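Please examine the sequence and the structure before reading on.

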Amino acid sequence: MIANVHEYKILIINFGSQYAQLIARRIREIGVYCELFSSNISEEQIRKFNPNGIILSGSPESTIKQNSPYVVEYIFQAGVPILGICYGMQIMSIQLGGQVEISNKREFGYAKVYIKQSCKLLNNIYDTLSSNNEPVLNVWMSHNDKVTSIPNNFKIIASTDNCQFAIIANEKKRFYGVQFHPEVTHTYQGVNILRRFTLNICCCKSNWTSEKIIEYSVQYLKTQIGSDKIILALSGGIDSSVTALLLNRAVGKQLTCIFVNNGLLRLNESQQIINMFSKKFNLNIIHVSAQDRFLKALSGIYDPELKRKIIGNIFIEIFNEQAIKQTQVKWLAQGTIYPDIIESAISSSNKAHIIKSHHNVGGLPIKMKLKLIEPLKELFKDEVRQMGHELGLPYDILYRHPFPGPGLGVRVLGEVKKEYCDLLHKADSIFIEELHIANLYYKVSQAFTVFLPIQTVSVMGDNRKYDWVISLRAIETIDFMTANWVYLPYDFLNKVSNRIINEVKGISRVVYDISNKPPSTIEWE
């Protein structure tokens, strides 16, 4: 019998915390499905989701400020366990009759939490013992305010030197609050605490595994698609590749993959993708060459949001055109994943600020004639990669660096021209080649080049030149929701710069992007 991967689920209420996605990743790593909702979630939405437990996230806000976000009272009447984290603990305390005040001694960074009495959340979970033989947790704190009075029927479980109510609990209702952040790696026992809450207190089972997700998805796709034919937007990236193999396992020859060469791909990528999927995996692929069509539509366009939407619209137009040429095609599949939806503000909250539109999420024309199916839309990137491994994708595809749907359309800043794309193709190829040579490629999460529409002076031989600028970008990340720039060796950067300037005619300067996400995004546009 195929396991229902959504049978057990945790509802995470996000108050705007930078760590909210980390909470979701930790819960899924434990093997339990979860979703992020905004703090304005309604009773109806909670009932519909029907969670086994609820986690209240942290927040950059203060619970004692006017108009700070609260949660609907039904949450505390739903009869399921609740874990409040930092702001989540404070808001739970306030709404249940406790009190929060500004702390005279703020806590940011590492702290020691001294466990005063046992509770189901922490039994036998600790790092060390104090001189008084008290269990001690090494945790990560990040708060200005603190609980000064706990609600009725709650008890103090643990304290720090500056925070009396570091952990509180109402065991009868299964309500728990922790002032620290168990989702970050700096809290050594954080995953064990979340595992205890999810598996023991919420009584969930670990059904959310790649093997079970594949089985469930295949059965779901068979039922949904039936005998209809389906076309897939195959780009060759990890998301669309996994989607292709998942659909192939579900409906076989009913699937037709459409690969569109829009002129915005990496160097020689078009032929590599066609060869691999048609020969190795025996998929039915239609190759559409549409470089001129995309470049013409992008002529004179500078706004990155508009570029994304134009690229998305042309993709869908092409899929519609190809569908008309075939019979019984009723579905269009895309490799949309959960971070795409979050960043495009098409989430359960509908209140998030749009960071950027994804061509396969926010740019679909209303007149699209095909029904949309997105088998990966609940998954984070690392979950997609795990599924790809199960489905037999080769290592170099599984761990190839991500490439944006709009391709070079958002890596050529400003107006997109063939001249600029040609320069970027060559520069990017050199950067990636040198990363492989230096055994650095698989040690970074994503690396690429960006064309800057800036001309600078250079001197080559006896000639003064006025050519373009290329930026190198390399980041490391776990979930692509946050990212740090990579400290590449100076000798390596020097070699890449020299090669690009000497081998790519038209480039006079190479710079290196040292911006983290946040505040910057991974892509420049």
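## Terms and model

Two strands are said to pair if DSSP finds at least two bridges between them. Strands (E, at least two residues) and helices (H or I, at least four) are DSSP runs, numbered from the N terminus.

This is a predicted model, in which local features need pLDDT of at least 70, side-chain atom pairs count only at pLDDT 80 or more, and totals for chains, interfaces and linings use all residues. Residues are numbered from 1 along each chain as its sequence is written, and side-chain values use heavy atoms, without hydrogens and water.

## The sheet

Five strands form an open sheet with parallel pairing, in the order β13-β12-β11-β14-β15. The edges are held by β13 (285-289) and β15 (371-373), each with a single partner strand, so one side of each has no neighbour in the sheet. From one strand to the next, the twist averages 30°; angles run from 0 to 180 degrees between N-to-C directions, and axes are lines fitted to C-alpha atoms, for helices over the stretch in contact.

Strand β14 (residues 329-333) runs parallel to β15 and is joined to it by three bridges. Here W331 stands opposite K371 in β15.

## The helix across the sheet

Helix α9 (residues 304-324) lies across β11 (229-233), β12 (255-261), β13 and β14. Its direction is at about 135° to β12. Contact means heavy atoms within 4.5 Å.

## A cavity lining

The lining of the second largest cavity divides into four nonpolar, three polar and two charged residues. Ala, Val, Leu, Ile, Met, Phe, Trp, Tyr, Cys and Pro count as nonpolar, Asp, Glu, Lys and Arg as charged, and the others, Gly among them, as polar.
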